[in-house]
Every structure is written in structure tokens, then in C-alpha cells.
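Q: Could you walk me through this structure, starting with what sort of model it is?

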Amino acid sequence: MAEAPDLTREQTAARLSGPPEQRAAFLREIADAGIAEAQALLGQLLLDGNGVAQDASAAFGWFERAARQHHAMALNMVGRCYDLGWGVAVDKTRAAECFRVAAARGLPEAQYNYGTALALGDGVPEDKAAALALFERAAATGYAKAINHVGSFAEDGWAGPRDMGKAADCYARAAEGGDFRGCFNHARMLGNAGRVGDALLWLKRAGELGNARFVSQALAWLADSEIPGFADRGIAALKEGAGC
């Protein structure tokens, strides 16, 4: 982050390394001074309730202020707020436009979000070929979520011929990169290849990283799976990882 007014880079870093409440207070101070990075970070703290009372509406306001200074991640977060109704009414069209502009500035997270909007026709006309191109751009930077989506496109043939080898490689890379869906998809591929023991390790990892909604959906899929061991040991591994 840029140095705060009247502070050296080292002094700024020291203030940011303090307890959550002190870090939030410091960010508010320099956000008020107009530093876009601080405004974006403060918005995230307010969204998460980290060191401050959770306030999605205030978070949206800070993201907007930073976005007006051409802060790409803040613009992406304005899009997320519109997309999910965080502190503002849901507006899928505005969300997609925010993602589009931030993606054009080279932000992998925005490329992934805009690609998702295009893949689903969410706020924009559906265009799976354009979506894949964006996922591939984000994947080239190592963004694990996008790598997983490139794998899904290869597995299902959504914008070209099916390529199971490419899908398996992408899922493995996404899993290694820490994407919980990538972990699950990698486990599926390993299970289908007869490597159930290895698959169970990745199912456990998927449980550790995944949110509650994902875990619920994954458990339902495993219960119906014909892969040997997935309906019992696979469920146990995922639950162990999720702390269920």
C-alpha cells in the first residue's frame, strides 16, 4: 500500500500490523485522506466485520470512492456488491459492467467474475466463448478459481471439443492453488482413475477450504456417486475436513 501522509513506508507497515481494531482505525484515517488503497481495504474490513462493526452499506460506499480513483479491485468489489446485494440493491447489469471494466484493466479476479457473468448470461448476453477467453487470461496469472473453470469448460465441451486430459490437468493445478472446487474436481478425476486413496485426501482438503453451501452440495453428490468408496469414505473425508 502507498505510504500514509507524514509516515514512512516502515511506519505505515507497523501501523497496519497492529490489532484489528487499531488497523481499522488507521485505515479509516488514511482513507479519509483520500488514499484509494486504504479506502478499498477499509471497505473489505467493513464488509467482513474485521476490527469494525460489519456494515455492508458503508463498505459499498468506500469501494465506490476508491473505484472513482480507478482502483481496479475496488471496482471489482463494487461489482460484487451489486451482484450479491451487499449494501446495495442487486443489479446484475451494473455488476457485469463493473467486472468488465476491471477485467479490461488486467485484474484476474474481475476477469473471473466477468467470465462467470458471460458464462451464465448474468447481466449480459450469454457468451461462453468469451467467458472461456477471460478464464484463460486469469488462469495464465495462476488464479486458481479460473484454472478450475478452464477445466470445467474442457470437461464439458462448453466452448470447444471435450478434452479430459486438459480438464484433469487444470483441476490438479486449481487444487494445488487452493481452490476448493478444484480440490473436489481433482478428487473426482482421481477416483475415476481408481486412485481412491489419493482422492480422499483432496476431498478432505475440499472440506477444509469450502463454504457451508459447497459442502452440502458436495455431500449430496458423493452420496449418489458410483465411484467406489466415495459414498462412504468420501463423505467421511469431506466431513472430517469441514469439521462436521
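**A first look at the chain**

A: Buried residues, meaning those under 20% relative accessible area with a 1.4 Å probe and protein chains only, make up 44% of the 244 residues in the chain. This is a predicted model, in which local features need pLDDT of at least 70 and side-chain atom pairs count only at pLDDT 80 or more, while totals for chains, interfaces and linings use all residues. Residues are numbered from 1 along each chain as its sequence is written, and side-chain values use heavy atoms, with hydrogens and water left out.

Q: OK, how many helices and strands does the chain have?
A: There are 14 helices and zero strands in the chain, where helices are DSSP runs (H or I) of at least four residues and strands (E) of at least two, numbered from the N terminus.

Q: And what box do the C-alpha atoms fill?
A: Taken along the principal axes, that box is roughly 60 × 40 × 35 Å.

Q: Switching topic, which residues lie nearest the centre of the largest pocket?
A: They are Tyr112, Asn148, His149, Arg181 and Gln217, out of 26 lining residues. A pocket here is an open set of points on a 1 Å grid over the protein atoms alone, where a 1.4 Å probe fits, with protein on both sides within 12 Å along at least five of seven lines, and lining residues have an atom within 4 Å of a point.

Q: Which helix gives the largest share of that lining?
A: H9 does, with seven residues, and the helices that each supply at least two include H7 (108-120) and H13 (212-223).

Terms used:
Buried < 20%, exposed > 50% of the residue type's maximum accessible area, 1.4 Å probe, protein only.
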